[in-house]
Amino acid sequence: MIKIIDWYIIKKYLGTFIFTLGIFTVIFVIFDVSEKLDDFLKHEAPLKEIIFSYYAGFIPYYLNFLSPLINFIAVIFFTAKMADQTEIVPILSGGVSFRRFLWPYFIASTVIFLVTLIFNLYIIPETNGLKIDFENVYVNPKSDNSKMYTHMQIDKNTYVYIENFDNNQKVGYKFVLEKFNGYQLKQKLVADKITWDSVKARWAIENYSIRTVNGLKESMTTGMRIDTTLDMRPKDFQIYDNIYQAMNMRELNERIDKEQTRGTGVMVDLQLEKYKRFVYPLSAYVLTLMGVSLSSRKVRGGIGLPLGIGIFLSFAYILFIQFSNMFALKGGLPPLIAVFIPNIIFGVLGIYLLAKAPK
């Protein structure tokens with residue numbers, strides 16, 4: 001049963017969390033406007049696009065990224081305030097165990113976990129798409145939007161090579177397609193140009209030659225143009241590193257399945273993006289446990305010391321996330337382990353603090 005004191009703590013928790021979100025939103029926007037204003041003016045970004053595309057994606061992205069910090073600060077702030085006002089001592093003295101005292105905290109953290117998970121899976125990818133499209137045009141546009149020297153396996157027996165793919169024109173130059181039967185080359189197509197036809201959803205191969213191998217016999221055919229379907233799209237040649245953040249779960253899973261065949265070197269990026277969406281919301285539980293254990297003791301000097309320690313540990317948590325991601329990308333650490341490391345380390349720390357908390 002949820003009692004009056006439980007509702008009191010839940011309302012305090014969620015109210016402080018939402019209030020802190022609002023404060024951080026204002027701070028984020030003010031600092032970002034001051035930083036990006038020159039880029040907006042330089043690239044003549046429309047005000048409508050700035051508000052409804054860039055900041056419509058910027059605010060959810062950074063609030064989601066810093067939600068562990070915001071959550072931790074909220075828990076420590078109102079719990080330390082309760083301890084400072086001697087509200088926790090009567091609760092524990094009245095026969096309530098510390099485990100029972102934690103119950104409303106974990107109800108509230110479950111609400112935050114579910115909301116964060118839904119945002120990570122369904123909403124953040126869509127808003128990221130707005131933000132990323134804006135940034136790639138008005139903030140960090142690339143003068144040369146071409147991808148060079150792309151090798152790709154598009155199915156079990158088919159390999160392609162494109163020397164230069166222009167993402168603006170959707171045209172590739174120096175195209176090679178090879179089909180094998182086991183280790184034996186069966187057909188090799190070489191073309192000067194390959195163009196994506198968005199109307200027919202096909203590739204137009206121009207000025208091509210096809211060498212066909214049948215045992216000891218070989219034949220050669222040439223032509224000016226041939227239309228064909230291939231298991232690749234222009235988006236497979238996008239050169240921006242942030243495109244995975246804008247993929248929904250269906251697109252992300254499809255890209256991972258194709259990457260297992262193609263082996264273009266982005267599997268770790270894709271897996272990290274997928275696992276982060278499921279694992280990082282668990283920080284609501286880990287940091288809540290740490291925050292309550294750390295700030296439930298009344299200390300001389302008020303809430304300043306617990307709040308300071310909480311801010312330090314929050315930034316340490318975010319730093320651990322970045323380090324573990326880097327070890328996955330550059331050091332060969334499995335992505336699933338990399339995304340769990342921060343929660344495991346801080347979960348152990350939370351259990352230790354819980355053991356030391358006043359009962």
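How many aromatic pairs does the count come to? The count comes to 23 aromatic pairs, where rings of Phe, Tyr and Trp (its six-membered ring) pair if their centres lie within 6.5 Å, and planes under 30 degrees apart count as stacked, over 60 as edge-to-face and the rest as tilted. The model is predicted, so local features need pLDDT of at least 70 and side-chain atom pairs count only at pLDDT 80 or more, while totals for chains, interfaces and linings use all residues. Residues are numbered from 1 along each chain as its sequence is written, and side-chain values use heavy atoms, with hydrogens and water left out.

Y13 and Y105 form a tilted aromatic pair, with 6.2 Å from centre to centre and 50° between the planes. Y13 belongs to helix α1 and Y105 to helix α5, so the pair links distant parts of the chain, 92 residues apart; helices here are DSSP runs (H or I, at least four residues), as are strands (E, at least two), numbered from the N terminus. Y13 is buried, at 0% relative accessibility, and Y105 is likewise buried, with a relative accessible area of 0%. Buried means under 20% relative accessible area, exposed over 50% and partly exposed in between, with a 1.4 Å probe and protein chains only. Beyond its neighbours within four places in sequence, Y105 is in contact (heavy atoms within 4.5 Å) with I9, Y13, V75, F78, T79, M82, T288 and V292.

Aromatic rings also gather elsewhere. Ring pairs link F40, Y54, Y55, F58, Y61, Y62, F134 and Y138 into a cluster. Over the ring of Y61 sits the charged end of K131, 4.7 Å from the ring centre; a charge sits over a ring if NZ of Lys or CZ of Arg is within 6 Å of the ring centre and within 35 degrees of the ring normal.

The nonpolar cores come next. A nonpolar core is a set of buried Ala, Val, Leu, Ile, Met, Phe, Trp, Tyr and Cys residues joined through side-chain atoms within 4.5 Å. The largest has 52 residues, of which F40, F101, Y105 and F134 touch the most other members. Elements giving two or more residues to this core include α1 (4-42), α2 (47-65), α3 (67-84) and α5 (98-139). The most comes from α5, with 12 residues. A second, separate core of 18 residues includes V160, F165, F175 and F237.

Helix α5 is not straight. It bends by about 50° at N120, the bend being the angle between axes fitted to the seven residues ending there and the seven starting there.

In α7, by comparison, the 13 residues should span 18 Å at 1.5 Å a residue, and the end C-alpha atoms are 18 Å apart, which agrees. Among the buried residues of α7 are M267, L270 and R277, and what covers the buried residues of this helix includes α5, α6, α8, α9 (304-331) and α10. F278 lies in α7 (residues 267-279) and is partly exposed, with a relative accessible area of 39%. Not counting residues up to four places away in sequence, F278 touches L117, L121 and M249.

Conventions
The expected span of a helix is 1.5 Å times one less than its number of residues.
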